[in-house]
Amino acid sequence: MTASLELGGRVALVTGASRGIGRAIAVDLAAHGADVAIVGRDAAALAETAAAVAAARAEARVHTIVADVADAGAVDAFVADVAATLGRIDIAVANAGQAVDGLIVRSKPTDIDAMLDVNLKSAFYLVRAVARPMMKQRSGSVVLISSIVGVAGNAGQAAYAASKAGLLGLAKSVAKELGSRNVRVNAVAPGLIETAMTESMPEAARAHYLATIPLGRAGTPDDVSGVVTFLCSDAARYVTGQTIVVDGGFLM
C-alpha cells in the first residue's frame with residue numbers, strides 16, 4: 001500500500017508562521033488534515049495566517065501564539081500550552097529566521113547574536129522542548145528550515161550561513177538521538193524563494209541567481225511547504241537525518 005500524505009488527527013506546531021514560508025507550511029499541513037499551532041511575534045500577521053488555514057480547511061483547529069522563539073523559557077511555555085490545548089504534538093517545524101547581511105570585517109556583535117538567537121538557538125530550544133513528549137508517544141516529525149547558504153556559504157552572509165549550517169548539524173545529531181523512539185528529524189534548505197525577506201535583494205544578485213537556476217525561476221513558499229508536508233507524513237516514514245535542498249537546481 002502506498003504511504004499517504006494525509007495528516008488527519010495530528011497536531012503541528014510551526015514557528016515563524018506569520019508570513020511567507022511559515023504561513024505556507026501551516027496552511028499546507030492543515031490542508032492535509034493536521035491541526036496547527038502557529039507561533040510568531042506579529043499578532044496581526046498571525047491572524048492572517050489563521051484565516052488562510054481556515055480557508056484551506058474550515059474544520060482545522062488553529063491555536064495562535066505570540067511569542068519570542070529566541071527565549072528558551074517562552075518556547076518551553078508555548079510547547080506545554082500547545083500540548084495542553086490541542087492534546088499532543090506530532091509535528092514541529094522550526095521556521096523562524098532573519099538575515100542581516102554584511103562582510104565579516106564589518107559585522108556587529110549584536111547582528112551576529114541576533115541571527116544565532118533567532119535562526120539557530122530558537123530551533124535548538126524547540127527541538128529540546130518537543131523531544132520529550134514525542135519520545136513518550138514514540139512518534140513525531142521535526143523539520144528545521146535551513147537555507148542553501150547554510151549548505152554552500154555565501155560571501156557577505158557569514159553569520160547567516162553559520163546559523164543556518166548549524167541547523168544541519170542539529171538535525172543529524174538529534175535524528176541519531178531520537179530515532180530509536182520513532183522520532184524523525186530532517187532539514188529543508190530553500191534557495192531563492194519569493195518572500196518578504198528576499199524582496200530587498202539587489203537586482204544584480206537576483207539576476208545572477210535566476211541565470212544559474214536550471215528551472216529558470218525563483219521558488220514560491222508553496223514549493224517549500226510541499227516538501228515539508230512530505231517529510232511530516234507517513235510517505236517519509238523511513239527518512240531521517242536528511243537535508244532536502246529546494247532550489248530549482250541551483251546547487252546542482
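Author: Let's start with a helix pair. Helix α4 (residues 109-137) packs against helix α6 (residues 158-178) at an angle of about 15°, with the axes 8 Å apart. That makes α4 roughly parallel to α6, since angles under 35 degrees get that label. Axes here are lines fitted to C-alpha atoms, over the stretch in contact for helices, with angles running from 0 to 180 degrees between N-to-C directions. Helices are DSSP runs of H or I with at least four residues, numbered from the N terminus.

A word on what you're looking at: it's a predicted model, where local features need pLDDT of at least 70 and side-chain atom pairs count only at 80 or more, while totals for chains, interfaces and linings use all residues. Residues are numbered from 1 along each chain as its sequence is written, and side-chain values use heavy atoms, with hydrogens and water left out.

Back to the pair: α4 and α6 cross in a right-handed way, meaning the near helix is turned clockwise from the far one by less than a right angle. On the α4 side, the residues in contact (heavy atoms within 4.5 Å) include I112, L116, A123 and F124, and among their partners in α6 are Y160, L167 and L170. By class, this contact has 15 nonpolar, three polar and one charged residues. Ala, Val, Leu, Ile, Met, Phe, Trp, Tyr, Cys and Pro count as nonpolar, Asp, Glu, Lys and Arg as charged, and the others, Gly among them, as polar.

α4 has another neighbour, α3 (72-86). The axes of α3 and α4 come within 9 Å and cross at roughly 35°, and this crossing is right-handed too. A72, V75, D76, F78 and V79 of α3 touch Y125, L126, R128, A129 and V130 of α4. That contact has eight nonpolar, no polar and two charged residues.

The structure holds one cavity of 30 Å³ or more, a cavity being a set of points on a 1 Å grid where a 1.4 Å probe fits but cannot get out. About 60 Å³ lies in the largest cavity, with volume taken as the space filled by probe spheres set on the points, which are joined across faces, edges and corners. Its lining has 13 residues, with T15, A94, A96, S122 and A123 nearest the centre; lining residues have an atom within 4 Å of a point. α4 gives the most, four residues. The lining divides into nine nonpolar, four polar and no charged.

Technical notes:
Helices (H or I, at least four residues) and strands (E, at least two) are DSSP runs, numbered from the N terminus. Angles under 35 degrees count as roughly parallel, over 145 as roughly antiparallel, 65 to 115 as roughly perpendicular and the rest as oblique. On a 1 Å grid over the protein atoms alone, a cavity is a set of points where a 1.4 Å probe fits but cannot get out, and a pocket is an open set with protein on both sides within 12 Å along at least five of seven lines; lining residues have an atom within 4 Å of a point.
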